[in-house]
Number of protein chains: 2
Amino acid sequence: MPETKNSPAPVAPSKVPKTERGRRTLRALLNAAAEEFGEKGFHDAAISQITARAGVATGSFYVYFDSKEAIFQALVRDLSGQVKDFVAPRIAAAPDQLAAERAGQLAYLEFVRQHKEIYRIIDESEFVDPAAYREHYTQSATRIAARLQAAAERGEISDGNAEVRAWALMGMNVFLGLRFGVWGDEAPEDVVAEASRLLSEGLARRENEA
Amino acid sequence: MPETKNSPAPVAPSKVPKTERGRRTLRALLNAAAEEFGEKGFHDAAISQITARAGVATGSFYVYFDSKEAIFQALVRDLSGQVKDFVAPRIAAAPDQLAAERAGQLAYLEFVRQHKEIYRIIDESEFVDPAAYREHYTQSATRIAARLQAAAERGEISDGNAEVRAWALMGMNVFLGLRFGVWGDEAPEDVVAEASRLLSEGLARRENEA
């Protein structure tokens with residue numbers, strides 16, 4: 001996994017590593033945690049296995065995290081940030097908002113294919129750390145609503161309730177990611193062709209469909 | 001909760017109650033299980049608490065279920081069936097498919113408001129009983145895809161990949177239900193007005209929006 005460059009570090013400010021070596025250790029721990037929690041779930045995951053997967057000493061773990069709960073919470077934030085950092089540039093590069101949402105859907109589906117463990121981890125946070133679960137979705141919806149609102153003001157999409165639209169769009173993408181990213185192996189482009197058409201045009205027949 | 005009338009019983013055929021009294025006991029156990037698992041989660045829930053909430057003897061539990069896992073699995077199927085039985089008549093009563101989807105969105109949101117525990121239970125099934133979790137969503141998507149396909153053939157909606165549309169629509173409704181049914185108390189009609197407009201028309205501007 002690439003190092004997360006844009007999002008803030010998922011640890012408390014006092015624990016943000018100050019050296020390049022520290023940043024590499026923190027990244028190795030978070031990547032190892034994604035593997036460990038993704039394979040075993042929270043309950044069966046072990047700090048000793050996380051440090052073994054990361055190839056770091058146990059003491060290094062406690063420089064950054066107090067507990068298994070603490071690294072799990074940091075991991076949820078880190079995965080949130082990774083999704084955002086992967087998808088946002090693809091959205092930003094699109095010529096208009098409908099193209100941007102299509103690019104975002106495709107990028108998200110590609111991300112999920114490469115990080116199938118993200119569903120198990122985010123979904124388990126509902127039980128392990130409900131605040132982190134809620135924060136993950138609420139922050140994502142807030143970002144989506146802001147870009148839809150701005151696009152409506154620019155006249156690129158119709159006017160509407162941006163918050164309702166954001167939760168609807170996020171739900172679409174999450175479930176398409178589950179079905180076609182985690183469970184299935186259909187070509188992402190075909191899935192996104194249909195999903196983006198639904199998002200831009202809806203189900204109603206066009207007038208030229210006789 | 002009303003007795004589920006249309007969906008098959010969520011227990012094995014050999015355990016389906018043959019008397020009215022048996023049906024009432026099974027219903028009481030499932031309703032009690034929804035409360036117990038919804039409040040405490042699977043790990044902390046106890047069979048003794050389920051039978052106490054249901055007001056039945058422990059022996060009655062074992063007539064229908066072998067274990068806590070067994071009643072949890074039955075509960076996931078029962079909740080799936082309850083959603084379907086609540087929403088389906090509202091969908092069937094609508095004059096066309098776009099009206100039907102709108103009626104279905106509103107009915108689902110109303111159901112969730114009355115049964116907020118359903119999210120915690122279905123979501124936890126991903127960890128307690130992954131097959132039941134997958135069955136719940138796959139069956140729901142299959143039903144949605146079938147009705148969208150039939151509507152496209154009748155010319156009530158545009159043609160398109162019904163499976164992709166079904167997972168997108170289901171995801172929309174699940175996340176709108178989480179945000180506005182479980183977490184929020186906005187008027188369901190306002191949420192559905194926007195969500196159904198998104199589903200029928202999409203985000204694109206109409207030509208008369210100058």
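Mentor: Contact means heavy atoms within 4.5 Å, and in this predicted model local features need pLDDT of at least 70, while side-chain atom pairs count only at pLDDT 80 or more and totals for chains, interfaces and linings use all residues. Residues are numbered from 1 along each chain as its sequence is written, chains are lettered from A and ligands numbered from 1 in the order written, and side-chain values use heavy atoms, without hydrogens and water.

Trainee: What makes α7(B) oblique to α8(B)?

Mentor: The axes (lines fitted to C-alpha atoms over the stretch in contact, with angles from 0 to 180 degrees between N-to-C directions) of helix α7 (residues 130-153) and helix α8 (residues 162-183) of chain B come within 8 Å and cross at roughly 120 degrees. That angle makes α7(B) oblique to α8(B), since under 35 degrees is roughly parallel, over 145 roughly antiparallel, 65 to 115 roughly perpendicular and the rest oblique.

Trainee: Which residues of α7(B) and α8(B) meet?

Mentor: Among them are B:Y137, B:I144 and B:L148 in α7(B), and B:W167, B:L169 and B:M170 in α8(B); the residues of this contact divide into 11 nonpolar, 3 polar and 2 charged.

Trainee: How do you know that the span of α6(B) agrees with its number of residues?

Mentor: At 1.5 Å a residue, the 12 residues of α6(B) (residues 117-128) should span 16 Å, and the end C-alpha atoms are 16 Å apart, so the two agree; the expected span is 1.5 Å times one less than the number of residues.

Trainee: Why are α4(A) and α6(A) called oblique?

Mentor: The axes of α4(A) (residues 68-92) and α6(A) (residues 117-128) come within 10 Å and cross at roughly 135 degrees, and α4(A) and α6(A) are therefore oblique to each other.

Terms used
Helices (H or I, at least four residues) and strands (E, at least two) are DSSP runs, numbered from the N terminus. Ala, Val, Leu, Ile, Met, Phe, Trp, Tyr, Cys and Pro count as nonpolar, Asp, Glu, Lys and Arg as charged, and the others, Gly among them, as polar.
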